[in-house]
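Here are my notes on the model you sent. Please read them with the structure open.

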Amino acid sequence: MPPNARILIVDDHADTLYALESALAPLGHLLGRATSGDEALKQLLRGNVGLLLLDVHMPGTGGLDVVRYMRRLEQTQHIPVVLLTGYARDPQLGAAAYALGVADLVTKPVDLWALRTKIRHLYDAHQRHLALEREIRTLRARLEEHIASPGRPALPHPQAHVAPGQPAGAHTGELERDRT
């Protein structure tokens, strides 16, 4: 997922979508919108979604159904989800949501300042996580490339100071230990 992944806002009420977009616009991230669970799933499958802000109760495919489907697919299973509900805290809803790995369950009317802070934190943390995964894949590929080319010298420790022309391991005494 590219670092400019958008925040997808899903609600079946246009006025709620507008209010949420207005609240999240100052974050500076790309925003997307959907008015149904089915539309949200289509956008998720197209990719480039970095966080989902999703209404629980919508006609047709509801928010929990969307999350259940997302968690079954590799490409969407790690996308952070914040669920919105217009109903008072329901322990069964909370249990079901958190069992699916939802990051938070927010009750309407929403405190927009608090929501913006949550979304910023979750989005940024997810992007950092993805960047670390990309870096790990790159390092693993370099290591596999190095292992596949046995004639190449081993890479020294990043903080080691090896004089040009000195064999790898000489600065740590590894060559001396290998001879004994």
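1. Start at Thr 76. Leaving out residues up to four places away in sequence, Thr 76 touches Leu 44, Met 70 and Arg 71. Contact means heavy atoms within 4.5 Å. Thr 76 sits in the loop between α3 (63-72) and β4. Is Thr 76 buried or exposed? Thr 76 is buried, with a relative accessible area of 1%. The cut-offs are under 20% for buried, over 50% for exposed and partly exposed in between, with a 1.4 Å probe and protein chains only.

2. A word on the source. This is a predicted model, where local features need pLDDT of at least 70, side-chain atom pairs count only at pLDDT 80 or more, and totals for chains, interfaces and linings use all residues. Residues are numbered from 1 along each chain as its sequence is written, and side-chain values use heavy atoms, with hydrogens and water left out.

3. Five strands form an open sheet, ordered β2-β1-β3-β4-β5, with parallel pairing. β2 (31-34) and β5 (104-107) are the edge strands, each pairing on one side only. Strands pair if DSSP finds at least two bridges between them. Strand β3 (residues 49-55) and strand β4 (residues 81-85) are joined by four bridges. Leu 52 has Val 81 as its bridge partner in β4.

4. Now the whole chain. It has six helices and five strands. These are DSSP runs: helices H or I, at least four residues; strands E, at least two; numbered from the N terminus. Along the sequence the pattern is β-α-β-α-β-α-β-α-β-α-α. Of the 180 residues, 34% count as buried.
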